[in-house]
Amino acid sequence: MSEVRLPAETRTEFGKGGARRTRRAGKVPAVIYGHGADPRHVALPAHEFANAIRHGGANVLLTLDLDGGEQLAIPKSIQRHPIKGHYEHVDLLAVRRGEKVTIDVPIVVVGDIVPGGLLNQEATTVSVEAEATHIPNSFEVSIAGLEIGSQVTAGDVNLPSGSTLIGDPDSVLLIVTQAPTAEDLEAEVAEAAAELGIV
């Protein structure tokens with residue numbers, strides 16, 4: 001996993017107005033939680049934070065230079081502006097080296113689906129427990145060679161050493177189904193139209 005060092009500064013202004021002023025100054029308002037301590041309100045440089053997420057993924061390990069010390073943290077919840085796409089607010093989880101954390105890791109589907117097959121993705125992440133400084137960026141799940149009717153469960157995912165699956169290993173992530181034919185689609189459209197009273 002990647003580790004990125006970022007300068008952080010303590011925020012003294014809170015609420016919507018304070019957050020707006022922080023964003024106008026080119027920073028992202030953030031809160032650090034964890035280890036039973038009071039939440040700490042900080043501001044991160046927006047451009048550097050965006051680069052850290054772009055290159056390191058949503059589970060990037062951040063080393064924050066804060067108040068003359070260092071704080072390790074991982075993003076727990078990231079809010080982005082629905083239209084402009086910039087980062088509006090980040091919740092960070094304080095971690096220590098050697099500490100185990102539970103985190104959702106994205107699934108990346110690789111390989112080509114069998115001809116006539118259609119992929120239904122039931123989940124986009126897998127929950128694992130991993131050492132805070134060795135969180136996987138993503139898990140590759142190959143669908144190459146899977147027949148129609150095949151399923152991929154959480155237990156099928158190849159976890160790196162040091163990562164443990166959290167939750168039900170039988171929970172279904174991917175299903176390969178039969179792709180609908182043109183006739184099936186036409187019948188569906190006709191049925192929907194009949195239900196709506198459109199002839």
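Trainee: Hi! How many bridges join S1 to S5?
Mentor: Five bridges join S1 to S5, and the two strands run parallel. Bear in mind that this is a predicted model.

Trainee: Which residue in S5 does Val4 stand opposite?
Mentor: Val4 faces Leu62 there.

Trainee: And is S5 itself mostly covered or open?
Mentor: Mostly covered: strand S5 spans residues 61–66, and five of its six residues are buried.

Trainee: What about S5 and S6, do they run parallel or antiparallel?
Mentor: S5 and S6 run antiparallel, joined by five bridges. Within that pairing, Leu64 stands opposite Gln71 in S6.

Trainee: Let me stay with Gln71. Is Gln71 buried or exposed?
Mentor: Gln71 counts as buried because its relative accessibility is 16%, and the cut-off for buried is under 20%. Gln71 sits in strand S6.

Trainee: Which residues is Gln71 in contact with?
Mentor: Setting aside neighbours within four places in sequence, Gln71 is in contact with Ile32, Arg40, Leu62, Thr63, Leu64, Ala94 and Val95.

Trainee: Back to the S5 and S6 hairpin. How many residues are between the strands?
Mentor: Two residues lie between the strands, and in this hairpin Asp67 takes a positive phi near 50°.

Trainee: What makes a positive phi worth a look?
Mentor: Most residues other than glycine have a negative phi. Asp67 has its positive value although it is not a glycine.

Trainee: Is Asp67 buried or exposed?
Mentor: Asp67 counts as exposed, at 59% relative accessibility. Its place is in the loop between S5 and S6.

Trainee: What is the phi of His35?
Mentor: The phi of His35 is near 60°, again a positive value in a residue other than glycine. His35 lies in the loop between S3 and strand S4 (40–45). With a relative accessible area of 35%, His35 is partly exposed.

Trainee: Let's zoom out to the sheet. In what order do the strands come?
Mentor: Seven strands form an open sheet in the order S1-S5-S6-S7-S3-S4-S2, with mixed pairing.

Trainee: Which strands stand at the edges?
Mentor: Strand S1 (3–7) and strand S2 (9–10) do. Each has a single partner strand, so one side of each is left without a neighbour in the sheet.

Trainee: In what sense do S3 and S7 pair?
Mentor: Strand S3 (residues 27–33) and strand S7 (residues 87–95) pair in the parallel sense over four bridges. As for individual positions, Tyr33 stands opposite Leu93 in S7.

Trainee: New topic: the largest nonpolar core. Which residues touch the most other members?
Mentor: Ile74, Val95, Val126 and Leu173 do, in a core of 21 residues. The elements that give two or more residues to this core are strand S6 (69–80), strand S8 (100–110), strand S10 (125–131), strand S11 (139–142) and strand S14 (172–178).

Trainee: Which of those gives the largest share?
Mentor: S8 does, with four residues. Another core, of 20 residues, lies apart from this one, and its members include Leu6, Val28, Leu66 and Leu92.

Trainee: Why would side chains like these gather?
Mentor: In soluble globular proteins, nonpolar side chains tend to be buried together.

Trainee: What does Ile74 touch?
Mentor: Not counting residues up to four places away in sequence, Ile74 touches Asn59, Val60, Leu61, Asp91, Leu92, Leu93, Val95, Val101, Ile103 and Ile135.

Trainee: And where is Ile143?
Mentor: Ile143 is in the loop between S11 and strand S12 (151–153). At 4% relative accessibility, Ile143 counts as buried.

Trainee: How far apart are Ile143 and Asp112?
Mentor: They are 31 residues apart in sequence and 6.5 Å apart in space, C-alpha to C-alpha. Beyond its neighbours within four places in sequence, the contacts of Ile143 include Asp112, Leu119 and Leu174.

Trainee: Last one, the largest pocket. What volume does the largest pocket have?
Mentor: About 160 Å³. S6 and S8 are the elements that give two or more residues to its lining.

Trainee: Which residues line the largest pocket?
Mentor: The lining is made of Ala58, Asn59, Pro75, Lys76, Ser77, Ile78, Thr102, Ile103, Asp104, Pro106 and Thr125. By class, that lining has five nonpolar, four polar and two charged residues.

Technical notes:
Residues numbered from 1 in each chain as written. Predicted model: local features only at pLDDT ≥ 70, side-chain atom pairs only at ≥ 80, totals over all residues. Heavy atoms only, no water. Core = buried A, V, L, I, M, F, W, Y, C linked by side-chain atoms within 4.5 Å. Buried < 20%, exposed > 50% of the residue type's maximum accessible area, 1.4 Å probe, protein only. Contact = heavy atoms within 4.5 Å. 1 Å grid on protein atoms, 1.4 Å probe; cavity = no way out; pocket = protein on both sides within 12 Å on 5 of 7 lines; lining within 4 Å. Points joined across faces, edges and corners; volume = space filled by probe spheres on them. Nonpolar A, V, L, I, M, F, W, Y, C, P; charged D, E, K, R; others polar. Pairing = 2+ DSSP bridges.
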